[in-house]
Amino acid sequence: MKYSLKRRFSGVRLWRKNKSVLYNLHPPTIPADGARFTYTFGLGGLTLLATLITILTGVLLTFYFVPTTERAYPSLTLINSVVNFGGFVRSLHYWAAQLTVIFAALHLARIVFTGAYRPPRDFNWALGLGLFVLLLLWDFTGYTLRWDEGSIWALLVGTNLLKVIPRYGDALYRLVVGDTAPGDAALLRFYAWHVVGLTVATVGGIGYHLWRVRVDGGISHPHPTRARPKTLVSRDALFSTEIIAAIIATAAMMALAAIAPPALGRIADLSATGITETKAPWIFLAIQELLRYLPPLWAGWIVPSAGMVILLSLPLFDRHGAGRGKYFSRARWQSQAAFAALAAGIIFLSVMAALR
Ligand code: HEM
């Protein structure tokens, strides 16, 4: 047969639904209970969308951002005030990044309250927790790049927490900060981690996470019963809903970015006193508050690690199948209570720190 360019490309149009990655993430049919909006609230998908927008806008920012202590801050003011749509792109990057963390936290809560962390999804639960830590580090390194007064806590207190690790603390500090105090070496390292290391790890982790959702049998759902037999929906219907939801969510994020651009404080002066008065980035407010009551090793490492161990071990203590795929099942009250107590503690400490 004669080779025809027209015929060759007619079959690979980018927007052909059945060729799209998103469409093929789903199996051809999905149990209706797992596909219900009021079951997942689309939170996994929203996390994915916010991550993609963060990456896209981050790539655009790299054309103007200069990662040196002298030029980082001025390059951001240039992006804000001179570059066409620069302020908007920066604001969208900031909001998409914050929403990534918020959506991921809500997604995590949904997994706990529907018991979706149990086998066979226990591995994906652990992977998800790892992803959450990566998202926090991604956000943390982003804050340091601003090199304004808002970065001071992250740059000084955040990095000093490394020094309190017994035995290896000083070596770890030198490895991360690249010097005896935060300066050009630290900024360059944070930049490299932010745009390459953490981005590659997060994207790879998300790909693996989504693949595991399929391998583990799709989204969890209740056992079919005689009274409630299994019903299936086709992925075509779900795909169309997801595209419409993604368009609406993107428009909402763009509106937020236009209305509330992130403030840029004065340029950071790391030699100035009064570091204790600077606020931590909102994701670390709970640790900042804990540091008032506990020694740094406990506030920065032991208490957060204990929280992580509790979350990681939920599938070990809760292996029975009762209440599968149902919100707030009494059969799992212990793990739900442990999670609620943990979340309430973090929110309480963060509010206390924010109000100071
Ligand atoms: C970058 C972050 C993440 C992305 C993009 C993401 C994406 C997704 C998506 C699209 C799904 C299927 C639909 C849904 O349940 O909403 C899903 C399911 C799942 N996710 Fe995530 N997720 C992320 C982080 C997390 C975190 C932090 C956890 C928990 C620690 C987690 C644990 C799970 C589990 C266990 C499932 C299976 C749920 C079920 O079968 O009901 N994920 N994720």
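# Briefing: helices, rings and charges in a predicted model

Just after helix α8, W147 takes a positive phi of about 50 degrees. Helices here are DSSP runs of H or I with at least four residues, while strands are runs of E with at least two; both are numbered from the N terminus. This is a predicted model, in which local features need pLDDT of at least 70 and side-chain atom pairs count only at pLDDT 80 or more, while totals for chains, interfaces and linings use all residues. Residues are numbered from 1 along each chain as its sequence is written, and side-chain values use heavy atoms, with hydrogens and water left out.

**Backbone**

- Helix α8 covers residues 122–145, 24 residues in all. From first C-alpha to last it reaches 35 Å, close to the 34 Å expected. The expected span is 1.5 Å times one less than the number of residues.
- Most residues other than glycine have a negative phi, and most peptide bonds are trans.
- F41 has a positive phi, near 55 degrees. F41 lies in the loop between α4 (37–40) and α5 (43–61). F41 counts as partly exposed because its relative accessibility is 35%. The cut-offs are under 20% relative accessible area for buried and over 50% for exposed, with partly exposed in between (1.4 Å probe, protein chains only).
- R167 also has a positive phi, near 70 degrees. Its place is the loop between α9 (152–163) and α10 (169–177). R167 is exposed, at a relative accessible area of 76%.
- P119 and P120 are joined by a cis peptide bond, with omega about 10 degrees. P120 is in the loop between α7 and α8.

**Aromatic rings**

- The structure holds 15 aromatic pairs. Rings of Phe, Tyr and Trp (its six-membered ring) pair if their centres lie within 6.5 Å. Planes under 30 degrees apart count as stacked, over 60 as edge-to-face, and the rest as tilted.
- One of the pairs is Y117 with W125. This pair is tilted, with 5.7 Å centre to centre and 50 degrees between the planes. Y117 is buried, at 0% relative accessibility. W125 is buried too, at a relative accessible area of 6%.
- Y208 and W211 form a stacked pair, 5.8 Å centre to centre with 15 degrees between the planes. Y208 and W211 are three residues apart in helix α11 (residues 184–215), so about one helical turn separates them. Y208 is partly exposed, at 36% relative accessibility.
- One aromatic cluster is formed by F37, Y39, F41, F113, Y327, F328 and F339.

**Charges over rings**

- R110 places its charged end over the ring of Y39, 4.8 Å from the ring centre. Such a contact needs NZ of Lys or CZ of Arg within 6 Å of the ring centre and within 35 degrees of the ring normal.
- K163 lies over the face of Y173, 4.3 Å from the ring centre.

**Nonpolar surface**

- V59, L60, F63, Y64, L78 and V82 make a nonpolar surface patch of about 590 Å². Patch residues have over 30% relative accessible area and no salt bridge; like charges are joined within 9 Å, and nonpolar side chains (Val, Leu, Ile, Met, Phe, Trp, Tyr) within 5 Å. Areas come from the Shrake-Rupley method with a 1.4 Å probe; for residues, only the protein chains shown count as cover.
- V82 sits in the loop between α6 (72–81) and α7 (86–113). V82 is exposed, at 57% relative accessibility.

**Salt bridges**

- A search of the whole structure finds seven salt bridges. Each is a side-chain nitrogen of Lys or Arg within 4 Å of a carboxyl oxygen of Asp or Glu.
- D216 and R212 form a salt bridge, at 3.0 Å from N to O. Both residues, D216 and R212, are buried.
- E289, R292 and R356 are linked in a network of salt bridges.
- In the bridge between R292 and E289, the closest N and O atoms are 3.8 Å apart. R292 and E289 are three residues apart in helix α13 (residues 285–293), so about one helical turn separates them. E289 is buried, with a relative accessible area of 0%.
- E289 also meets R356 in a salt bridge, 2.6 Å from N to O. E289 lies in helix α13 and R356 in the segment after α15 (333–355), so the pair ties together parts 67 residues apart in sequence. R356 is partly exposed, at 47% relative accessibility.
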